[in-house]
Amino acid sequence: MILRSIIFAATLLATPIAVAQTQTAKGEISDKTLKTLKALAWQSLPNKIMQPDKSVTVIDKSDPSKIVIPDADAREVIRAAYLSARAQKCDLQELVIANRDALLLREKKTGKWSSSQLQYINTLHLFTVQLLVGKVEVVDQEEAAKRGDPATAPMPPANTVNCNEKEKQDISSAVAANEKLVLGKS
C-alpha cells in the first residue's frame, strides 16, 4: 500500500519526460525510455521495506550508483515487466506474480545484487508494469503547465482487455519458460 502511494506521488513529481514510445522500431527499449524508467523507479524506491519475514531492508539512497543497476540488466527487467504487463492486461494475475517471482529469483541467484538492488529491481519491474497498463501516468511538466495543474487530472481507468485463448496461452508459455530457466521445472 505504501509503495503504491509512493509510486503515485512519484508520478506527480516526475521530471519532464516523454515515455509514450517504450520501444524502438526494432523492439528494443530506447535509451531515453530506459533512463526515464530507471529514474522513476529510483524516485519511487522507499527508504525502508518490510520483508515477509518481518525483517526490514533499509535502503541508503544517498548514493544511487550503489543501488541503480546497469543499463543492460535494467533492460532485462523491463522486458520481463512487459510480459507481466501483458498478463495484467489479460487479467492473469497469477502469471503476473509468477513472472515477477521468476525474475527476482533469477536475479537473486546471480549473487551479484545487494538486497537494496534487488528491491530496486522489484520497483523497476512494478513501476514499468503499472506504467504499461495505465495505472500510473507520467506527465510532461511543460505540457501540463500549458494545460493546467496535472494533479487535478483523473487517473486512467483499469486497463484490462478480453484476451483470446491464444494470447493467454502465449503469455502462459512465456512465463513458464521463465520459470523453467530459473527453477528447472519441467
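Is Glu28 buried, partly exposed or exposed? I looked it up: Glu28 is partly exposed, with a relative accessible area of 35%. I'm keeping in mind that this is a predicted model.

Entry: Glu28 and its partner. I found a salt bridge from Glu28 to Arg79, with the closest N and O atoms 2.7 Å apart. Glu28 lies in the loop between α1 and α2 while Arg79 is in helix α3, so the pair ties together parts that are 51 residues apart in sequence. Arg79 counts as partly exposed too, at 30% relative accessibility.

Entry: Asp31 and Arg75. These two form a salt bridge, and their closest N and O atoms are 2.5 Å apart. I see that the pair links helix α2, where Asp31 is, with helix α3, where Arg75 is, 44 residues apart. Asp31 is exposed at 57%, but Arg75 is buried at 15%.

Entry: Asp73. I placed Asp73 in helix α3, residues 71-89. Its relative accessible area is 17%, and buried means under 20%, so Asp73 counts as buried. Asp73 forms a salt bridge with Lys112, the closest N and O atoms being 3.2 Å apart. Lys112 sits in the loop between α4 and α5, 39 residues away, and is partly exposed at 48%. I also noted that Asp73 touches Trp113.

Entry: the wider search. I got a count of eight salt bridges. Shared partners join Glu28, Glu76 and Arg79 into one network.

Entry: rings. My search of the whole structure turned up zero aromatic pairs. I did find the charged end of Lys61 over the ring of Trp42, 5.1 Å from its centre.

Notes. Residues are numbered from 1 along each chain as its sequence is written. This is a predicted model: local features need pLDDT of at least 70, side-chain atom pairs count only at pLDDT 80 or more; totals for chains, interfaces and linings use all residues. Side-chain values use heavy atoms; hydrogens and water are left out. Rings of Phe, Tyr and Trp (its six-membered ring) pair if their centres lie within 6.5 Å; planes under 30 degrees apart count as stacked, over 60 as edge-to-face and the rest as tilted. A charge sits over a ring if NZ of Lys or CZ of Arg is within 6 Å of the ring centre and within 35 degrees of the ring normal. Helices (H or I, at least four residues) and strands (E, at least two) are DSSP runs, numbered from the N terminus. Buried means under 20% relative accessible area, exposed over 50%, partly exposed in between (1.4 Å probe, protein chains only). Contact means heavy atoms within 4.5 Å. A salt bridge is a side-chain nitrogen of Lys or Arg within 4 Å of a carboxyl oxygen of Asp or Glu. Lists of a residue's contacts leave out its neighbours within four places in sequence.
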